[in-house]
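Subject: Handover of a structure and findings

Dear colleague,

Please find below the structure that I am passing on to you. The findings follow directly after it.

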Amino acid sequence: MELFEALGLNVKILLAQLVNFAVLLFVIYKFGYGPIMKVLNDRQNKIEKGIKDANEAKEKLVEIENKEKEVLAEARREAQEIIKKAQAIAEESKAEVVEITKQEAAKIMADTKKKIEQERAQIMSEVKGEISELIITATEKIIGKKMDAQEDKRLVEEIVGGIK
Amino acid sequence: MELEAAKMLGAGIAIGLGAIGPGIGEGIAASKALEAIGRNPEASGKIVPLMFVSMAIAESTAIYALVISLIILFG
Amino acid sequence: MELNISLAPDILFYIGSLPVTNTLIGSFVISVVIIAAMLLVKKRLKKDTPGKFQNLVEFLMSGSYDFVVSIIGSEKKAKKIFPLAFTLFIFILVANLATFIPGQAAVTFNREGESVAIFRAVMADYGMVFVMTMITVILVQIVAIAVHGPFGYMGKFFNFKSPLSFFLGLMDIVGELAKIVSLSFRLFGNIFAGEVLGSVMLFLAPFFVPLPFLFLGLLSAVVQAFVFAVLTVVFVKLASEIEEEELVEEASM
């Protein structure tokens, strides 16, 4: 074929080109395609894993937040309950204290009244005694004569009773 | 006419006529592809490679003409 | 300055009986550059904090891997075909872009009185393209045989059920052969035509006029590398798919 000659086709050159290309293919496959694809795949896997991890972490975070909220709500509710209870207790104890205080006050009042009564009675009797003495003395002076002690006392008492 | 001159003429005519069809065909392919890109610019990444491939296939006829003219000239 | 267009790569010298052409050297140099880059990446491969260069390589690789997956539709198949497709892509891309390094045309080599350019676009050598195409095509055949079984695969081409299907089977053979031609000549033709166009423009008007053609060449350099790799993937995908009719046949058998 003259065309092949004109195109410069030569079996030896073709073989040389074939070997050349085969070596090139081998090298690219061995040192280019293989490692680079591996690196790319690794990186892709890594990125995917990273994204997955991030998503998981996010989910976990949300979960934890929810839990936190729950716990917080629980705590708040409990606190509320405790406060309520405490208030109830306080209310109760207050009433009790008031009651006790009232009772005590009443007791003190009664005591005081009694004491005052007693004192008054004492004072009264003392005053009565003194007054009767006074009256006796005065009457003695006025009347000038000492009456019979018994009669005298009766008379004074009668008068004092009239005063009273 | 000498044989050499006839060969030259034949080769020129062969490649010239053979290039008409693919020329028109590639023009149609390009115009349709551009139309498609104009209608849907997001798809240009898919259209352009396909356009080149189909153009290359349409070009085959011109390449046969080229081969024939080379055979006439050198064969 | 003379316009020098040659379809075949120029032979620089011989090692034993092996003719060393300028594109052979070019492909070696490009392979060495890519291999060095790969070894550099491998050596400085960091797991979590990639450097700039590693980032670029990773971006290229993961992007093209995702693209291959989107074409072929399954991770398992993509893993198998990706190294070849990626190697093809990178090799063609670097080889095509290397032609845009300025000053290459000036470097010549004097062999037996005539000056020969040392640098030539690697993909403008049909031999190199042919080798890569053959790798792809043979791989496609192997995949098809592995999927359909040797007899099922041959049955696709030699079908005696009816004259029409026999004819269609023969056309399938032509189609497989045309795959070789179209896949290889697409790349070769584009790059070679780009080179010729560039040198013609440079010959006609050295300043500014070739610039648009350079831009066009830059575009086609990337696109052709992409198309070659993608077509490889597409062919493998087509070969590895079991058609529905066959599934029905298998079920009825």
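Among contacts in chain C between residues at least 6 apart in sequence, what percentage join residues at least 24 apart? The figure is 67%. Please bear in mind throughout that this is a predicted model.

Chain C as a whole

Chain C contains eight helices and four strands. Of the 253 residues in chain C, 42% are buried. The chain exposes about 13,600 Å², and 72% of that area is supplied by carbon and sulfur atoms.

A nonpolar patch on chain C

A nonpolar surface patch of about 820 Å² is formed by C:Leu97, C:Phe207, C:Phe208, C:Leu211, C:Leu214, C:Phe215, C:Leu218 and C:Val222. Helix H7 of chain C provides the largest share of this patch, namely five residues. One member of the patch, C:Leu218, is located in helix H7 of chain C. Its relative accessible area is 33%, so C:Leu218 counts as partly exposed, a class that lies between the limits of 20% and 50%.

A buried serine in chain C

C:Ser27 belongs to helix H1 of chain C, which covers residues 22-43. Is C:Ser27 buried or exposed? C:Ser27 is buried, because its relative accessible area is 0%, and the class requires a value under 20%. A polar atom of the C:Ser27 side chain lies 2.8 Å from the backbone oxygen of C:Leu24. Apart from neighbours within four places in sequence, the contacts of C:Ser27 are A:Gln17 and A:Asn20 in chain A, together with C:Phe91, C:Val122 and C:Met128 in chain C.

Helix H2 of chain B

Helix H2 of chain B has 15 residues, 44-58, and should span 21 Å at 1.5 Å a residue. The C-alpha atoms at its ends are 20 Å apart, which agrees with that expectation.

Which residues of H2(B) are buried? They are B:Ile47, B:Pro49, B:Met51, B:Val53, B:Met55 and B:Ala56. The cover over these buried residues includes elements of two chains: from chain B, helix H1 (3-39) and helix H3 (60-74); from chain C, helix H2 (52-72), helix H6 (163-204) and helix H7 (210-240).

Yours sincerely

Conventions. Residues numbered from 1 in each chain as written. Chains lettered and ligands numbered in written order. Predicted model: local features only at pLDDT ≥ 70, side-chain atom pairs only at ≥ 80, totals over all residues. Heavy atoms only, no water. Expected span 1.5 Å × (residues − 1). Buried < 20%, exposed > 50% of the residue type's maximum accessible area, 1.4 Å probe, protein only. Contact = heavy atoms within 4.5 Å. Patch = residues over 30% accessible without salt bridge, like charges linked within 9 Å, V, L, I, M, F, W, Y side chains within 5 Å. Areas by Shrake-Rupley, 256 points an atom, 1.4 Å probe, with all protein chains shown as cover. Salt bridge = Lys/Arg side-chain N within 4 Å of Asp/Glu carboxyl O. Polar contact = N/O pair within 3.5 Å; in protein donor to acceptor, adjacent residues only side chain to side chain.
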